[in-house]
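My entries follow the order in which I checked them.

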Amino acid sequence: MFPLWPTAASTISGEVDALYLFLISVTSAVTLAVLCLIVVFIFRYRHSKHPVADQVSGSVPLEITWSLVPLGIFMIFFVWGATIYVAEATPPKDSLQIYVVAKQWMWKIEHEEGQREINTLHVPMNRDVRLTMISQDVIHSFWVPEFRVKADVLPGRYTTLWFRANRPGKYNLFCSEYCGTMHSGMIGKVVVMDPVKFQAWLTGGGEMGSFAATGQKLFQELGCTSCHRFDTQGRGPNLVGVYGKPVLLDDGSTVIADDAYVRESILNPGAQIVAGFKPIMPSFQGIVTEDQLLSLIAYVKSLATPEEQEPVSNRPPVPKTAGGTEVQ
Ligand code: CUA
């Protein structure tokens, strides 16, 4: 069969296709109608027969009809499109979290269990998958045609994308934003696996520990533990249970401690000071990479889940180099 559409391999594919077909059908019907009228009028009002057409100089019912009918049709486009847009923009709560870092010209994927891959993304079938993505240089765009999902991957800002693959197989991953000489080569594969096989694959490469553990190690190496202690005595806020919760700031305002907040707190600590603390933290701009930032976020996130909480008695030792990272 002629491949008019890519295979539908995610739960949202059918809905996107249906809307697309509807748009094509309506616009084709209108185009066809206009075309037919042109042909009919050419013959009916040709010069030799009717030299002068009757001019209609204003009709209220006519005006109302040709205003309301297109409005109705466009409202269908709008409501239908917006419904799909909102669904695509809202990842379900217990989605599988995967991190994506784009760079010229490759896709780096980090799984929470510690598996890393380049230009290949393994996902389980019939499970909601949420990607948190960022670029370490220019704008890229993550596109999997078979899933009907696409989202720009920007430097300096996290974007998310979610899908639920429902057909096993290998699908193309494209960069769909021109990003330099090798843009066309910035391609990869998404491998949709049986959930059991995926679990086996996931634990197969876990020797390096979970992504959050990588972040924890880095947290200690950078000396963060000297101020962010797991009690109330630290010079920086205790990070246990912070992620996802509202944080009261110095100026009386409140922010939610999400990925973007944690990222900014590391790169530009002076921007949002937590109430009761002094702006003494140094910036880690240029010191930590995007991958490392994501691992630090994964670590802070892991501190928010009660079962993974670091017990106070078991807190990591303060590294010797800790003092060196403080700001004057
Ligand atoms: Cu990355 Cu185009």
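**Entry 1, helix α4.** I am working from a predicted model. I started with α4, which spans residues 211-221. Which of its residues are buried? I found Phe211, Ala212, Gly215, Gln216, Leu218 and Phe219. I then looked down the axis of α4. The buried residues fall within an arc of 165°, so they line one face of the helix.

The buried residues of α4 pack against β1 (96-103), β2 (106-111) and α6 (290-302). I also checked the stretch just after α4. Gly223 sits there with a positive phi of about 80°.

I moved to α6, where Ser295 has its place. Is Ser295 buried or exposed? Its relative accessibility is 2%, and the cut-off for buried is under 20%, so Ser295 counts as buried. I listed its contacts, leaving out residues up to four places away in sequence. Ser295 touches Phe211, Ala212, Thr214, Gly215 and Leu218. Of these, Phe211, Ala212, Gly215 and Leu218 are among the buried residues of α4. I also followed the Ser295 side chain to a polar partner. It reaches the backbone oxygen of Gln292 at 2.7 Å.

How many disulfides does the structure hold? I noted zero. Cys175 is buried, at 7% relative accessibility. Cys179 is buried too, with a relative accessible area of 4%.

Terms used:
Residues are numbered from 1 along each chain as its sequence is written. This is a predicted model: local features need pLDDT of at least 70, side-chain atom pairs count only at pLDDT 80 or more; totals for chains, interfaces and linings use all residues. Side-chain values use heavy atoms; hydrogens and water are left out. Buried means under 20% relative accessible area, exposed over 50%, partly exposed in between (1.4 Å probe, protein chains only). Helices (H or I, at least four residues) and strands (E, at least two) are DSSP runs, numbered from the N terminus. The arc is that of the directions from the helix axis to the C-beta atoms. Contact means heavy atoms within 4.5 Å. A disulfide is a pair of cysteine sulfur atoms within 2.5 Å. A polar contact is a pair of N or O atoms within 3.5 Å; within protein, one must be able to donate a hydrogen and the other to accept it, and residues adjacent in sequence count only if both atoms are side-chain atoms.
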